[in-house]
Amino acid sequence: MNAFHKLGLEDHLIQAVTDLGFETPSEVQEKTIPLLLEDDIDLVALAQTGTGKTAAFGFPMLQKIDIDSRTTQGLILSPTRELCLQITNEMKLYGKHCKGLNVTAIYGGASITDQAKQVKRGAQIIVATPGRMKDMISRRLVDISKIEYAVLDEADEMLNMGFFEDITEILSHTPDEKSTWLFSATMPKEVSLIAKKFMANPTEVTVGHKNMGSKNVSHEYFLVGARDRYQALKRLADANPEIFSVIFCRTKRDTQKVAEQLIEDGYSAGALHGDLSQNQRDVVMKSFRAKQIQMLVATDVAARGIDVEDITHVINYQLPDEIETYTHRSGRTGRAGKSGISMVIVSKSEVRKIKSIERIIQKEFIKKDVPSGMEICEVQLKALASKIHDTEINHEIDPYLNEINSLFEDVSKDELIKKFFSVEFTRFFNYYKKTKDLNSPSEGSRSDDYEKDDNSARFFINIGSKDGYDWMKLKDFLRDTLQLNQDDVYKVDVKESFAFFNTDAAHKDKVLEFFTDFKQDGRFVNVEITEKKSRERNRGGGGRRSGGGGGGYGGGGRGRNDRSKGSGSGSGFRSEGKSRRSDSGSSSKSPRRSSDFKPKGGDFSRPRKSRR
Ligand code: AMP
């Protein structure tokens, strides 16, 4: 007897389970299916994506609705078009033996008339994104006044995306007696609020701990200098030749830049963010699914609802603002019983954030070293050896073998192997032989003292935490207003009414000039050069910033070593990329060959809008 029988599912649904090859119910299915089948209850289920939750609400809904009726009885709201389509597909698979079943997807960016036609044909179940659903209700193209089951899937994501009002509006068109099933990966206040507002005494089911990531995911972090982030990313990719990963950046701009840079360096990468057209995003996702690209660089918003199996690594190129977002990111790997790794590249100032994440997810991060060049060479060599070992012989080469054999007549097997592997090894070795150790010294070490760094300028700015800034917000603000690149602002230290930050000395004049006459909320934002760390402490101890140019801070005349010479102005991605191509500072190209994973279907990296 199939284990799903015990949950109370009817034969035609068990048949679908068997067709799909599901052998045992997942935890969320085991916990919710019997509950939902037995009674018409409201339910709050805390479960990650990838835990099988679509089936957890899908099977009970399919069993409970009246297939012979053409009335819409089930409504499933999901945050994104991608997810909406996935759920629709899954529901169709689960209901493939339910004769007469009509599941309709309603989402933006496609013809509303076609969707209305499908609904009119008699959709027992509608899967919708909130915006389009609201639109269709207001145009009277759908009738949800008789639904019996409403599912709010990925509720935390929907609320994050600002759908609270839309959900309220949509549910106001549904009957009070319906059952509401809410699924969420995390349980922030907003989700509890929704549960209180729309549900009566809901039964709560938790898979794992609240806000805790998948148990199949291990978490690692790599401590590097802020400006070595990209080089560290490349090494992580090189040290994992079979990597199939999503790389998360915090902004669309960074996402685009990192993807472009990876492509330029010969990696198989693509960008996914909101400045790409729907069509471009579809092409990237299709290629990623087909594993034609190995590294998908994405923003959190664009990656919502990505359900691609076998993702080996999630790489946090930058940490997210919200800890819950980290749970979502890491939940992209370690799915369907497989193990996965979530890696975080951090600079010193971010380490404390790792500690907060550990508390929430109740898992420890392993601090790992960024692999050295030689370690990477070794990994690549071994990967090549096993690839060759496992390669099936292509007999199309037979006609040429005589010639090849005679060329190698005087070469022993041992020598041949050495020569053969040297080709690959030398490529990586030459690239990495002069590269530096990227691992940042631990906190509090001497090299943290920027007093000695002549390439760097330290600034004072008269805005701080009481103006709503934390270090990340201030960094974003500075980068955006000054049009600097992602790691051009670093060592940001926010106090209550003022803050400090560094840029390369090359940007010093630009920064000072920009802030000579800059107002925010009617107040002058004042930026000055600071000289010594010890002075900063004095100032911090004094606790007050007068606004006037106090003695000792207006200098800025110390000798500087302009790093940007010869590598362009330092503004714009291209020039930055060129200077970073090798982490040794030499001009040697990245050792990756793009030919291994050629993306099909055009250039994934170009956004629709022209940018600068
Ligand atoms: P979901 O969390 O609903 O997005 O499901 C993630 C993936 O797991 C989907 O591809 C499902 O088809 C699959 N899945 C769901 N339930 C099971 C199960 N009991 N056994 C194996 N795979 C499953």
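**Entry: Gln-73**

I started with Gln-73, which sits in the loop between H3 and strand S2 (74-77). I'm working from a predicted model here, so every number below is computed from that model. Is Gln-73 buried or exposed? Its relative accessibility is 3%, and since buried means under 20%, Gln-73 counts as buried.

Next I listed what Gln-73 touches, skipping residues up to four places away in sequence. I got Ile-65, Asp-66, Gln-124, Ile-147, Glu-148 and Tyr-149. One of these, Asp-66, also gives a polar pair: its backbone nitrogen lies 2.6 Å from a polar atom of the Gln-73 side chain. I checked a C-alpha distance as well: Gln-73 and Ser-145 are 72 residues apart along the chain, yet 8.9 Å separates their C-alpha atoms.

**Entry: the whole chain**

I stepped back for the totals. The chain has 612 residues, and 52% of them count as buried. I counted 22 helices and 20 strands. Among contacts with a separation of 6 or more, 77% are between residues 24 or more positions apart. The accessible surface is about 28,400 Å², and carbon and sulfur atoms own 49% of that.

**Entry: helix H1**

H1 covers residues 11-20, and I found Leu-13, Ile-14, Ala-16 and Val-17 buried in it. They span an arc of only 155° around the axis, so they end up on the same side of H1. What do the buried residues of H1 pack against? I found H3 and H4 there.

**Entry: helix H2**

H2 is residues 27-38, twelve in total. From first C-alpha to last I get 18 Å, close to the 16 Å expected at 1.5 Å a residue. The buried residues in H2 are Val-28, Gln-29, Thr-32, Ile-33, Leu-36 and Leu-37. Looking down the axis of H2, I see its buried residues fall within an arc of 120°, so they line one face of the helix.

Which elements cover that set? The cover includes strand S1 (43-46), helix H3 (53-64), strand S6 (179-184) and strand S7 (203-206). H3 turns up again, having already been listed against the buried residues of H1.

**Entry: the ligand**

I counted 15 residues around the ligand, the closest being Thr-24, Gln-29, Gly-50, Gly-52 and Thr-54. Gln-29 I had already noted among the buried residues of H2.

Then I went through polar pairs to ligand oxygen atoms.

- A polar backbone atom of Gly-52 is 2.7 Å from a ligand oxygen.
- For Lys-53, a backbone N or O atom lies 3.2 Å from an oxygen of the ligand.
- With Glu-90, the pair uses an N or O atom of the side chain, 3.1 Å from a ligand oxygen.

How much of the ligand's accessible area does the protein cover? On its own the ligand has 490 Å², and the protein covers 81% of that. The elements giving two or more residues to the shell are H3 and helix H4 (81-94).

**Entry: positive phi outside glycine**

I noted two non-glycine residues with positive phi. Asn-201 has phi near 50° and sits in the loop between helix H9 (189-198) and S7. Its relative accessibility is 76%, so Asn-201 counts as exposed.

Asp-521 also has phi near 50°. I placed Asp-521 in the loop between strand S18 (519-520) and strand S19 (523-524). At 78% relative accessibility, Asp-521 counts as exposed.

**Entry: Ser-465**

Ser-465 is in the loop between strand S15 (456-461) and helix H19 (471-482). With 37% relative accessibility, Ser-465 counts as partly exposed. Which residues is Ser-465 in contact with, leaving aside neighbours within four places in sequence? I got Val-494, Lys-495 and Glu-496. Ser-497 is 32 residues from Ser-465 in sequence, and the C-alpha to C-alpha distance is 6.2 Å.

Technical notes. Residues numbered from 1 in each chain as written. Predicted model: local features only at pLDDT ≥ 70, side-chain atom pairs only at ≥ 80, totals over all residues. Heavy atoms only, no water. Helix = DSSP H or I, 4+ residues; strand = E, 2+ residues; numbered from the N terminus. Expected span 1.5 Å × (residues − 1). Buried < 20%, exposed > 50% of the residue type's maximum accessible area, 1.4 Å probe, protein only. Arc of directions from axis to C-beta. Contact = heavy atoms within 4.5 Å. Near = heavy atom within 4 Å. Polar contact = N/O pair within 3.5 Å; in protein donor to acceptor, adjacent residues only side chain to side chain. Areas by Shrake-Rupley, 256 points an atom, 1.4 Å probe, with all protein chains shown as cover.
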